[in-house]
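User: I have this model open and would like to go through its contacts with you. Could you take my questions one at a time?

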Amino acid sequence: NVALPSVYARRCLSSIFCNEPKAAFEDANKAINVYPDWPVGYFLRSVISAQNGKATESAGFFKEATLLEQKSMAPN
């Protein structure tokens, strides 16, 4: 049984919209754990942190997501 990070990311986004921060937090972390090189999990953690008033934490996750995105777009 292989967990796909996109499943966790979609469910996380749904939890964000349904005002379920704990569930969103857990699914964002699962997405990151399943595929740590995928920036979407970090973007979602950034959103969750910002919604919870954790600006510094949010900025850190956003920076990590941005770096991973740039890395994935760089020519080999």
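User: How many salt bridges does a search of the whole structure find?
Analyst: The search finds two salt bridges, a salt bridge being a side-chain nitrogen of Lys or Arg within 4 Å of a carboxyl oxygen of Asp or Glu. Please keep in mind that this is a predicted model, in which local features need pLDDT of at least 70 and side-chain atom pairs count only at pLDDT 80 or more, while totals for chains, interfaces and linings use all residues. Residues are numbered from 1 along each chain as its sequence is written, and side-chain values use heavy atoms, with hydrogens and water left out.

User: Which residue forms a salt bridge with Asp27?
Analyst: Asp27 pairs with Arg11, and their closest N and O atoms are 2.7 Å apart. Asp27 sits in helix α2 and Arg11 in helix α1, so the pair links distant parts of the chain, 16 residues apart, where helices are DSSP runs of H or I with at least four residues, numbered from the N terminus.

User: And is Asp27 buried or exposed?
Analyst: Asp27 counts as buried because its relative accessibility is 4%, whereas Arg11 is partly exposed at 42%. Buried means under 20% relative accessible area, exposed means over 50%, and partly exposed lies in between, with a 1.4 Å probe and protein chains only.

User: Switching to packing, at what angle do α2 and α3 pack?
Analyst: Helix α2 (residues 21-34) and α3 pack at an angle of about 155 degrees, and their axes are 8 Å apart; the axes are lines fitted to C-alpha atoms over the stretch in contact, and angles run from 0 to 180 degrees between N-to-C directions. That makes α2 roughly antiparallel to α3, since angles over 145 degrees count as roughly antiparallel, under 35 as roughly parallel, 65 to 115 as roughly perpendicular and the rest as oblique.

User: Which residues make that contact?
Analyst: On the α2 side the residues are Pro21, Ala24, Phe25, Ala28, Asn29, Ala31 and Ile32, and on the α3 side they are Gly41, Tyr42, Leu44, Arg45 and Ile48, with contact meaning heavy atoms within 4.5 Å.

User: How do α1 and α3 pack?
Analyst: Helix α1 (residues 5-17) and helix α3 (residues 39-51) pack at about 15 degrees with their axes 10 Å apart, which means that α1 is roughly parallel to α3. The contact is made by Ala9, Cys12, Leu13 and Ile16 of α1 together with Val40, Leu44, Val47, Ile48 and Gln51 of α3.

User: What does Ser46 contact beyond its neighbours within four places in sequence?
Analyst: Ser46, which has its place in helix α3, is in contact with Ser58, Phe61 and Phe62. Ser46 counts as buried, at 6% relative accessibility.

User: Last one, what does Leu68 touch?
Analyst: Leaving out residues up to four places away in sequence, Leu68 touches Pro36, Asp37, Trp38, Pro39 and Tyr42. Leu68 is in helix α4 and counts as buried, at 8% relative accessibility.

Definitions and conventions:
Helices (H or I, at least four residues) and strands (E, at least two) are DSSP runs, numbered from the N terminus.
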